[in-house]
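Here are a few exercises to work through with the model open beside you. Try each one before you read the solution.

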Amino acid sequence: MSETVRVFVPQEGLTLTWPQRCARCGSTGKLVESPCRVGRVKSLRPSLLIGLTIRSDVLFLPVPLCKAHATQNELAAEILEHSPVMRLLRVLAYLGAFMAFALVYSSLFNPGGWQRVSNMGWFLLYPTLSVAAIGAIVWARKRFAVWPERFDPDKDVIVVHFSDPTYAREFKYKNHKVTDETLTESPPWYKKSLLWKAVVIIAFLLFMQMLIHR
Ligand SMILES: [Zn+2]
């Protein structure tokens with residue numbers, strides 16, 4: 001079971017103290033500082049010359065890891081990254097995997113299904129790759145050491161997952177100033193920006209519905 005720690009990011013920048021052993025296997029041998037990236041988009045603004053100006057924050061957490069686990073952790077963090085591109089790829093992978101399931105079902109249980117599915121040719125590449133991608137996501141979730149998942153959309157807080165709960169508790173203790181719950185606790189449900197965005201979208205859809213059916 002992994003452990004989640006919420007870390008407050010002060011205006012003047014974040015300085016963290018890491019327990020000096022590999023965050024995955026606990027080895028104290030040769031450690032490398034593996035940079036784990038976490039980002040957020042602060043604002044999107046159309047501009048005349050470039051088309052779109054994106055203001056974003058990117059934070060690098062230098063996680064001490066042994067060499068083998070540094071490589072593994074970087075790959076896992078890449079697969080699980082919360083950037084718009086990776087999120088889109090993951091959604092496509094879930095859709096493709098669902099399609100793969102439907103195709104397998106159809107080729108097994110529908111008369112002539114196997115023939116129809118095998119006639120799809122190159123198109124079968126998409127569901128096949130999607131299943132492989134889901135495999136990679138499952139692998140990444142089992143194999144990361146430290147995964148800074150995302151910024152809290154409502155606070156200057158990052159959400160960091162640790163695969164080793166003992167390491168997580170020690171990290172929290174060593175950085176108690178920025179992991180203190182009074183600083184990092186998530187806001188009550190009625191203060192969450194996502195909730196109000198959803199309310200606005202639903203209200204807009206209802207309004208459109210009313211206009212159409214008038
Ligand atoms: Zn290790």
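Helices (H or I, at least four residues) and strands (E, at least two) are DSSP runs, numbered from the N terminus. This is a predicted model, where local features need pLDDT of at least 70, side-chain atom pairs count only at pLDDT 80 or more, and totals for chains, interfaces and linings use all residues. Residues are numbered from 1 along each chain as its sequence is written.

**Exercise 1.** Work out the helix and strand content of residues 88–108 and its end-to-end distance.

Start with the record: the unreviewed UniProt entry annotates "transmembrane region" at residues 88–108, 120–140 and 194–212. Such annotations may be inferred rather than shown by experiment. Next, check the span itself: residues 88–108 are 100% helix and 0% strand, and the end C-alpha atoms sit 30 Å apart.

**Exercise 2.** Describe how α2 packs on α4.

First, the geometry: α2 (residues 84–109) and α4 (residues 125–143) pack at about 120°, their axes 7 Å apart (axes are lines fitted to C-alpha atoms over the stretch in contact, and angles run from 0 to 180 degrees between N-to-C directions). That angle makes α2 oblique to α4, because under 35 degrees counts as roughly parallel, over 145 as roughly antiparallel, 65 to 115 as roughly perpendicular and the rest as oblique. Then the partners: among them, Gly96 and Leu103 of α2 and Tyr126 and Ile137 of α4 (contact means C-beta atoms, placed from the backbone, within 7 Å). By class, that contact has twelve nonpolar, three polar and one charged residues (Ala, Val, Leu, Ile, Met, Phe, Trp, Tyr, Cys and Pro are nonpolar, Asp, Glu, Lys and Arg charged, the others, Gly among them, polar).

**Exercise 3.** How many helices and strands does the chain have, and in what pattern?

Count eight helices and five strands. Along the sequence they run β-β-β-α-α-α-α-β-β-α-α-α-α. To finish, the C-alpha trace spans about 60 × 50 × 40 Å along its principal axes.

Conventions. Contact = placed C-beta atoms within 7 Å.
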